[in-house]
Amino acid sequence: PVLREFVSGPVFQDLAHDLIGPDVRLYWDQAVYKKPGNPLEFPWHQDNAYTYVSPQQYVTCWVALSDATVENGCPWVVPGRHKLGTVVHELRDEGFSCLDDPEDAVAVPVEAGSVVVFSSLTPHRTGPNLSDGVRKAYVVQIAADGASVMQAGTDADPVFHPCNAPDRQFYILKDGQPPQPDAV
């Protein structure tokens, strides 16, 4: 209930309205902790490459629960590449990857309580945690109502299911307004 209230609050409602439109649902959320002394990075990827959603562009909000620095694994983004749509990724030991050391990458260090907002099509990564502390984040993804996720089939004949599971993909905005408590 606490997290549901948080992601249904004014910050996410304003982001949803400005970046997506009047009817927006929570698509996905997760806590992401990077332990200290972890030399591994999470590779360059697009969120939409992990689970293909249509329409492709939804919004990822990376909420820093602790200060995120270059030393402890803050996010990095590659501005402008979201315009290419979902690109080919290759599976590596550390996960799906779409780039190798792009020159135009930008580190995004943020203080606890700040939010890094980017498209699901923006290539991004988090670096290694070479510090002595845990780097903590809460990832909130929001999508237009009516978005669907590919769950089966082939590239030529995909099977999509609506992103409207009432227990977790609830409205952030309905008709441009906060939803009524019983809205699904």
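Predicted model: local features only at pLDDT ≥ 70, side-chain atom pairs only at ≥ 80, totals over all residues.

Visitor: What makes S4 and S9 paired strands?

Guide: Strands are DSSP runs of E with at least two residues, helices are runs of H or I with at least four, and both are numbered from the N terminus. Two strands pair if DSSP finds at least two bridges between them; five bridges join S4 to S9 (residues 115–119), so the pair meets that definition, and the two run antiparallel. S4 also pairs with S11 in the antiparallel sense, over six bridges, and there the bridge partner of Thr60 is Gln141.

Visitor: Why is S4 called largely enclosed?

Guide: Buried means under 20% relative accessible area, exposed means over 50%, and partly exposed lies in between (with a 1.4 Å probe, protein chains only). Six of the six residues of S4 are buried, so the strand is largely enclosed by the rest of the structure. In a regular strand the side chains alternate between the two faces of the sheet. In S4, Val59, Cys61 and Val63 point one way, while Thr60, Trp62 and Ala64 point the other way, and all are buried.

Visitor: How do you know that Asn48 and Gln13 count as buried?

Guide: Asn48, in helix H3, has 1% relative accessibility, and because this is under 20% it counts as buried. Gln13, in helix H2, has 14%, which is also under 20%, so Gln13 counts as buried too.

Visitor: Which residues does Asn48 touch?

Guide: Contact means heavy atoms within 4.5 Å. By that rule, and not counting residues up to four places away in sequence, Asn48 touches Val53, Gln56, Tyr58, Thr86, Ser120 and Leu121.

Visitor: What makes a group of residues a nonpolar core?

Guide: The members must be buried Ala, Val, Leu, Ile, Met, Phe, Trp, Tyr or Cys residues joined through side-chain atoms within 4.5 Å. The largest such core has 15 residues, of which Val7, Phe12, Val140, Ile142 and Ile172 touch the most other members. The elements that give two or more residues to this core are helix H2 (10–19) and strands S1 (24–34), S4 (59–64), S11 (135–144) and S14 (171–173). A second, separate core of eleven residues includes Cys74, Val77, Val108 and Val116.

Visitor: Why are S2 and S8 said to stand at the edges of their sheet?

Guide: The open sheet of four strands has the order S2-S10-S5-S8, with antiparallel pairing. S2 and S8 (106–107) each have a single partner strand, so one side of each is left without a neighbour in the sheet. Further in, three bridges join S5 (residues 75–77) to S10, where Pro75 stands opposite Thr126.

Visitor: Which residues are the closest to the centre of the largest pocket?

Guide: Of the 33 residues that line the largest pocket, they are Gln30, Val32, Phe42, His45 and Asp47. A pocket is an open set of points on a 1 Å grid over the protein atoms alone, where a 1.4 Å probe fits, with protein on both sides within 12 Å along at least five of seven lines, and lining residues have an atom within 4 Å of a point. S1 gives the most to this lining, with six residues.

Key
Residues numbered from 1 in each chain as written. Heavy atoms only, no water.
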